[in-house]
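Biologist: Could you walk me through this model? I have a handful of questions about how it is put together.

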Amino acid sequence: MSGSQTNKDSSTKTRRGIINLLKQQGGMDVMALASEFLLSGMAIRQHLNALKEEGLVTYEEEARPMGRPAKLWRLTPEADRFFPSGYSELSVSLLQSMREAFGIEGLDKLLAVRNKNMLEQYLFQLGGEPHLIGKLEKLADIRTKEGYMAEIKDLGDGSLLFIEKHCPICEAAAACAGLCKNELSLFQSVLGSEVQIERVEHILSGGRNCVYKVMEQNS
């Protein structure tokens with residue numbers, strides 16, 4: 001392999017790494033990215049500028065206590081193509097066809113069957129885990145494998161955040177609000193009636209992530 005091809009492959013790998021990290025972390029400045037990839041600030045800027053030319057990243061300026069404002073780099077919606085889409089076009093088409101064939105009530109019944117099947121699968125995979133933190137950790141692993149890039153965060157006050165950084169069914173959910181409504185109901189059923197769960201951030205409402213605040217009722 002020639003040196004130029006090797007450099008090209010390395011650049012492609014680094015740029016994909018930047019895309020993945022920005023998806024995970026949200027806005028990051030050049031120095032934070034340089035630290036993650038063990039590269040110079042100049043090298044990171046070159047990669048970011050190349051990604052910007054492709055329409056994959058953009059930036060906003062954030063004021064700092066001293067010195068010039070920092071550029072915080074973020075992904076654009078165009079970058080979603082690098083992440084699982086859950087066969088979005090097919091899903092949207094099928095939902096529209098089901099709505100036409102069975103009406104809203106019929107579609108709701110079909111979604112209820114989907115929810116029941118997913119609940120059975122999730123409960124089986126959780127394996128009777130008794131603790132809330134354990135349930136959430138296993139659920140995050142399941143959802144990550146499904147393309148949701150899920151993680152949990154302990155707030156230290158008895159509550160936890162269940163965070164999904166990507167939605168592989170986003171286009172389908174935009175076409176059918178019942179998918180998101182059923183998802184919240186699904187999590188409630190998986191975690192149990194003694195657990196309180198509330199969605200506090202929503203991708204379809206303009207949020208960067210889908211975030212659920214979870215706590216035990218007696219906490």
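Biologist: Glad to have it open. What percentage of the 219 residues of the chain count as buried?

Modeller: A word on the ground rules: this is a predicted model, where local features need pLDDT of at least 70, side-chain atom pairs count only at pLDDT 80 or more, and totals for chains, interfaces and linings use all residues. Residues are numbered from 1 along each chain as its sequence is written, and side-chain values use heavy atoms, with hydrogens and water left out. Buried means under 20% relative accessible area, exposed over 50% and partly exposed in between, with a 1.4 Å probe and protein chains only. Of the 219 residues, the buried share is 38%.

Biologist: In what order do the elements run from the N terminus?

Modeller: Helices (H or I, at least four residues) and strands (E, at least two) are DSSP runs, numbered from the N terminus. The chain has seven helices and six strands. Their order is α-α-α-β-β-α-α-β-β-α-α-β-β.

Biologist: Which element gives the largest share of the lining of the second largest pocket?

Modeller: On a 1 Å grid over the protein atoms alone, a pocket is an open set of points with protein on both sides within 12 Å along at least five of seven lines, a cavity is a set where a 1.4 Å probe fits but cannot get out, and lining residues have an atom within 4 Å of a point. This pocket has a volume of about 290 Å³, and its lining includes Arg45, Glu61, Lys71 and Trp73. At least two lining residues come from each of α2 (30-37), α3 (41-53) and β2 (70-75). The largest share, three residues, belongs to β2.

Biologist: What is the angle between the planes of phenylalanine 187 and tyrosine 212?

Modeller: Phenylalanine 187 sits in helix α7 (residues 177-191) and tyrosine 212 in strand β6 (residues 210-216), 25 residues apart. Both are buried, and together with Phe162 they form one aromatic cluster. Their pair is edge-to-face, at 5.1 Å centre to centre and 85 degrees.

Biologist: Which side chain makes a polar contact with that of lysine 165?

Modeller: Lysine 165 is in the loop between β4 (159-164) and α6 (170-175), and at a relative accessible area of 5% this lysine is buried. A polar contact is a pair of N or O atoms within 3.5 Å; within protein, one must be able to donate a hydrogen and the other to accept it, and residues adjacent in sequence count only if both atoms are side-chain atoms. The lysine 165 side chain reaches the backbone oxygen of glutamine 24 at 2.8 Å. Its side-chain partner, at 3.3 Å, is glutamate 151.

Key:
Grid points are joined across faces, edges and corners, and a volume is the space filled by probe spheres set on the points. Rings of Phe, Tyr and Trp (its six-membered ring) pair if their centres lie within 6.5 Å; planes under 30 degrees apart count as stacked, over 60 as edge-to-face and the rest as tilted.
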